[in-house]
Amino acid sequence: MHFEDFDYELPEWENTIFKDEIFKIDTDKLAYCILINDNLKNYGKNGPCEKIDLKYESKLKNRINFIISNFDSNESINDILIILFIGQSGRQFYTNIPKYHNLLIINCEEFEILINSGNYDSLTLFKFANLLENKDIIGNGFLDKFSIYIEKNHSFYLDDRKFDSILLSFDSTSEHTKKLRKKAIKDKDPHLEIYGDKLVSVKKNNEFMYVAGSNLFLIKTHNQNIWINFENYFESAIAEAICYWVWQFNDELQIDLNSLKNHHIFISINIEEYDDLDLTIEITNEIKENLIISSNVSEKEINLRISKYLISIANQKDNEADRLLMNEILKLMGILLEKNRLQNTLTKERRCEIINKKAPLGLKKYILIYTSENIMNIPVKNQIRLLQEHNVQLVMDDLTNKVQCDFDYNQKLNKKQSLELTHRIVDYLLDCIKKEIVKYDWENLIQKLILNYENILFNRFYLSSTNIYSLNSYDNPSNILKDIVTDDHELDKLGLPTRTLIEILSAEQNFTSVVKISNESFDNLMALSYVYIEWTLGSDYIHYENVDFEITPLKSGRIGTKTELDDILDTFRTNRTLEHMNNLSTNIFHESSGGEKPSDKEDDAFKSEFGITLTDYAKFISVLISLAICGEKDIVFIHKSKLVDTLKDELDWEYDKSVQAIESFSISHRGDWETPPEGFSENDINPWVFRRPYSYYLKPLIIKNNADETLIYGFRNVYHSGLNLLKLIYKGLYKTNNSSKKFKSFKSKMLDVKGKEFNEMVFEWLKDNLDTFKKFYLRSNVKIDKIIKNNPQYGDIDVLLLDKEKKHLFSIECKDIESAKNPRQINHEIKNFFGENGWIKKHQKREVWIKNNLDKLGDKIGQDIKDYKVFSIFIVSQVLPTIYLKKSPIDIIPFSKIKYDGVTFLDKYN
């Protein structure tokens with residue numbers, strides 16, 4: 001729970017058996033923990049069955065006062081959380097407890113439930129204790145209050161009424177407490193197991209494996225316990241993979257190992273030194289056949305030494321390493337059967353049967369190798385700090401009073417009133433953010449924000465690269481997909497608020513504070529930024545009226561929202577994530593080699609916009625990343641003059657060219673964040689407007705407002721900003737008011753090229769997957785206006801598909817569209833489809849012409865289609881929120897869904 005050791009020696013505590021310790025739980029917070037137990041003295045006639053008063057109050061008070069007074073003068077410590085742990089051994093006892101600020105009294109059994117029921121840290125306990133201080137909560141024990149706190153999103157917000165005090169009865173808490181207890185058992189299932197000749201404590205680590213100590217895993221199969229022993233961290237990953245596959249093979253192994261009855265199996269693995277390993281070595285049959293260097297099998301034990309080349313094989317995209325390793329494990333299990341004078345049923349044929357059934361060659365893979373060849377594999381040294389729900393709840397509390405809302409409680413507001421209130425909330429939250437950031441040291445805060453953003457990028461990449469295998473590795477992927485969507489959404493919730501704070505700090509740098517921000521204060525700042533962004537987006541949803549979005553002042557002091565948007569977006573996110581995973585699965589074996597040199601036209605267009613060519617931009621990005629990697633730094637601080645010198649040394653660039661590159665891809669001080677820099681508009685700086693040219697998303701360098709003009713950047717965002725910029729340019733989505741004609745022309749051509757490429761992609765997929773020899777006829781780019789000649793107005797049919805058996809004609813419009821990510825983009829997307837001159841009306845107009853002119857169209861394509869039934873379809877390049885927000889008279893189908901469903905997508909049309 002992140003109770004860190006704190007270098008402080010407590011004096012001995014005389015005449016008691018108390019145990020106490022001090023831990024660090026934040027940069028400026030400590031936890032003072034005391035274990036109180038029966039003194040095991042002066043037993044009465046009832047022995048251990050009696051209940052006694054230990055009368056510890058004065059001793060506790062003196063000790064706690066002594067500790068608090070020792071830190072009163074310590075300016076680096078702002079708060080102390082006091083936890084009294086009530087032990088379970090000996091007699092039942094009671095004692096008066098003195099009252100203190102931030103005091104929690106926790107039964108040891110309840111604390112164990114807390115540890116096993118969720119990912120709560122020591123700071124969670126501090127926040128909980130702090131909330132109890134500020135709320136009048138009348139209730140039972142710790143777990144009863146904590147279960148309600150967790151159930152209510154880390155708050156005591158029970159409903160929309162106003163409460164002066166909250167009474168938590170047994171009836172109101174029992175179900176939530178029971179849920180925590182069940183979760184602790186289900187998630188961890190702590191218990192004792194026999195290991196050899198002793199008892200060991202085990203805890204469930206995941207669906208298939210228990211952990212017993214730092215180097216021992218347990219798999220509980222139908223017949224027996226199988227223990228896996230290993231020596232180091234890397235071997236633990238191989239051991240976990242063995243556990244996973246034994247679990248997958250469980251039903252099959254039950255047949256083969258049944259004769260062992262409940263005979264335990266002990267497997268010990270060791271991997272040879274791999275420091276000099278060449279991951280790119282050619283994988284020969286000899287390497288595969290000698291995967292096990294040595295082995296020793298007895299009646300109970302299997303000891304094996306594994307070749308380092310398992311790592312090279314695992315570096316491949318498929319699961320060959322898993323299959324080869326498990327073949328060897330099964331072979332050794334067969335020998336173990338022989339050692340017990342039993343029939344070895346795990347023959348070569350039987351092993352192949354099990355492996356091919358449960359681990360077919362492909363993406364069902366558990367041994368994953370990450371190398372630093374891909375810079376996104378390099379983990380951030382600091383742990384990510386996710387958005388904390390506790391702090392979000394605090395920001396939402398009493399918001400009506402904070403913004404001086406003058407509307408009546410429970411009053412349903414009209415659009416004008418709603419916008420007025422949301423603007424007031426947004427202004428208030430921005431003011432809070434600005435007042436908060438000046439409390440801290442600027443450099444320390446910007447560094448913490450950039451580090452957290454680097455962590456977001458790393459975690460997003462890591463999740464993408466592992467989730468593709470997770471979805472293929474479990475029989476019921478729906479639960480895995482749900483977890484993936486949740487994890488991805490947690491990163492989404494953190495990303496934009498973090499970028500917003502980075503951009504505000506980059507613009508406003510005149511801070512004088514030297515206070516380093518604590519995790520608790522950082523959580524509060526992130527919560528302010530998150531709620532700020534949510535209300536700006538809410539205001540836009542109200543403004544554009546594409547979805548019902550009502551807001552109401554509540555008696556509780558909060559501002560209530562009523563909308564179906566959450567359910568819609570949940571469905572959208574799930575399908576978007578599934579699309580992303582399916583695209584990765586399709587493309588993983590066909591990665592583009594890249595590295596093509598930009599054409600002269602691309603270089604010239606890029607230079608007209610950014611002052612350097614695209615070729616030079618790639619070199620610039622490479623130098624920035626190299627500086628970080630070579631220095632083993634997540635964040636680089638470098639004087640501008642030093643970077644100019646480095647660019648001169650590495651690329652032979654002149655001073656002016658280097659300065660141009662730096663200034664084109666940096667954001668800097670301008671005094672007031674709300675005032676756009678010269679040449680940019682308000683929409684270019686507002687964080688709720690996506691694809692902005694002036695953003696940390698595209699400009700990864702921050703110039704500090706000091707004499708040296710120190711440049712600050714995280715190398716992962718440098719890499720990502722390059723990908724983001726090229727993606728926007730080549731999809732024709734990069735927007736600025738000041739672009740040159742040359743750049744605008746280039747963007748327009750790219751948009752046209754991408755559209756044609758998508759049309760071709762859809763056409764080729766249909767051609768490859770439909771029987772175009774007998775049943776179907778397929779043609780692309782059918783120009784209707786050439787048939788009409790006079791007054792052309794119908795455009796082209798991107799893909800025309802005939803089902804000759806059913807006599808169906810499909811007019812398919814292909815749209816290569818970037819999915820909308822905010823209310824403005826959603827509004828634009830909806831207008832494109834449903835507007836007065838939108839795509840749907842144009843397509844409907846074309847459909848009417850086709851129905852009325854089947855003979856002319858048939859003559860054009862050389863087919864008799866006079867009695868065909870006509871259907872129209874939009875095939876889009878991505879899952880779009882519009883699909884879930886608006887009912888369309890023409891089907892809008894993501895291409896990913898068509899690829900996933902196959903040709904059955906046509907079956908619904910009759």
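Let me begin with a term: a residue is called buried when its relative accessible area is under 20%, exposed when that area is over 50%, and partly exposed in between, using a 1.4 Å probe and protein chains only. The model before you is predicted, so local features need pLDDT of at least 70 and side-chain atom pairs count only at pLDDT 80 or more, while totals for chains, interfaces and linings use all residues. Residues are numbered from 1 along each chain as its sequence is written, and side-chain values use heavy atoms, with hydrogens and water left out.

Across the whole structure, the search finds 64 of them.

One of these joins K183 to D187, with the closest N and O atoms 2.6 Å apart. Both residues belong to helix α5, residues 170-188, and because they are four residues apart there, about one helical turn separates them. Helices here are DSSP runs of H or I with at least four residues, strands are runs of E with at least two, and the numbering starts from the N terminus. K183 is partly exposed at 35% relative accessibility, and D187 is partly exposed at 28%.

K435 is exposed, at 54%, whereas D431 is partly exposed, at 35%.

E674 is partly exposed, with a relative accessible area of 37%, while K434, at 19%, counts as buried.

Salt bridges with shared partners also join D121, K127, R385, E520 and D523 into one network.

Finally, I come to a helix pair. Helix α10 (residues 320-339) packs against helix α11 (residues 348-358) at an angle of about 140°, their axes being 10 Å apart. The axes are lines fitted to C-alpha atoms, for helices over the stretch in contact, and angles run from 0 to 180 degrees between N-to-C directions.

How values were computed
A salt bridge is a side-chain nitrogen of Lys or Arg within 4 Å of a carboxyl oxygen of Asp or Glu.
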